[in-house]
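Have the structure open while you read.

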Amino acid sequence: MKKIPEITLYFWIMKICATTLGETGGDLLSQTLNIGYALSSLILLSFFIVTLISQLLSKNYRPWLYWAVILSTSTAGTTISDYMDRSLGLGYAKGSLILMAILLSIFAVWHYSGCSLSVDQINTFRVESLYWIAILFSNTLGTALGDFLSDSSGLGFAGGAVLIGGLLFGVVLATFFTKISRVVLFWVAFVLTRPFGATMGDFLVKPHQKGGLNFGTIGSSAILGTVLMTFLIYTTLRAKTNLCTENIVLNDQLDTE
């Protein structure tokens, strides 16, 4: 059962686009449309549940469905984090610590269940369920961390993005030049791409006076959605082309034999 895409550069570009779109899309719903954090969280969690069930029931990898779940975890994570940090009054720092403890608990349950945390071994219903729960909370944690860096750390939107970008570059270097577990590095990168997306989302949305580009939630969401769709179409067509090429080569080998 192959239901997870190959982890390539395209994967990470699309992940960052999806998580940034989740940031701007969540803010569009809760703030621009003035629905509120609680109701927005309920709506987006419902969207997450519908897409997740569809993904779990699917028998193979469907690019559009997979990235719909990634996007739904990002938007749901944004509103859940905002609800915890603002509506419940926990603040960014305390909310981040709580979410980090939850995420580590999920990884602990996953590890002690006897299953590998490697995404190359997402091949059972139980493991895939843990995978998506971990992604939901990693995206929620990333939102809280991104907001903390942008609003409370003094770095600002651009500074927060530069810091997280530097950490992600460190993960890349560690992948090629150290013997640190690739599984650990994958999940560190997966978590870090969320606050990177969160700070980038704020950088796109916020007005010039606050250090942003002033595209607003609508304009930013439209731009990010277009980029994500473009890469999704490209990678889907590329995968089909590669599959056809492999089939041709295999048929030629069979004919030769």
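A crossing is called left-handed if the near helix is turned anticlockwise from the far one by less than a right angle, and right-handed if clockwise. By that rule, α1 passes α3 in a right-handed crossing. This is a predicted model, where local features need pLDDT of at least 70 and side-chain atom pairs count only at pLDDT 80 or more, while totals for chains, interfaces and linings use all residues. Residues are numbered from 1 along each chain as its sequence is written, and side-chain values use heavy atoms, leaving out hydrogens and water.

**α1 with α3**
- The axes of α1 and α3 come within 8 Å and cross at roughly 45 degrees (axes are lines fitted to C-alpha atoms, for helices over the stretch in contact, with angles from 0 to 180 degrees between N-to-C directions).
- That makes α1 oblique to α3; angles under 35 degrees count as roughly parallel, over 145 as roughly antiparallel, 65 to 115 as roughly perpendicular and the rest as oblique.
- Contact here means heavy atoms within 4.5 Å, and the residues making it include Phe-11, Met-14 and Ala-18 of α1 and Tyr-66, Trp-67 and Ile-70 of α3.
- By class, this contact has eight nonpolar, nine polar and five charged residues (Ala, Val, Leu, Ile, Met, Phe, Trp, Tyr, Cys and Pro count as nonpolar, Asp, Glu, Lys and Arg as charged, and the others, Gly among them, as polar).

**α1 with α7**
- Helix α1 (residues 9-32) and helix α7 (residues 182-205) have axes that come within 8 Å and cross at roughly 50 degrees; helices are DSSP runs of H or I, at least four residues, numbered from the N terminus.
- That angle makes α1 oblique to α7.
- The pass of α1 by α7 is a right-handed crossing.
- Residues in the contact of α1 with α7 divide into eleven nonpolar, seven polar and five charged.

**α3 with α4**
- α3 and helix α4 (residues 91-112) cross at roughly 130 degrees, their axes coming within 8 Å.
- So α3 is oblique to α4.
- This crossing of α3 and α4 is right-handed.
- Met-84, Asp-85 and Arg-86 of α3 meet Gly-91, Tyr-92, Gly-95, Ile-98 and Leu-99 of α4.

**Ser-58**
- You'll find Ser-58 in the loop between α2 (37-57) and α3 (63-87).
- Ser-58 counts as buried because its relative accessibility is 8% (buried is under 20% relative accessible area, exposed over 50%, partly exposed in between, with a 1.4 Å probe and protein chains only).
- Beyond its neighbours within four places in sequence, Ser-58 is in contact with Lys-3 and Leu-65.

Notes:
Helices (H or I, at least four residues) and strands (E, at least two) are DSSP runs, numbered from the N terminus.
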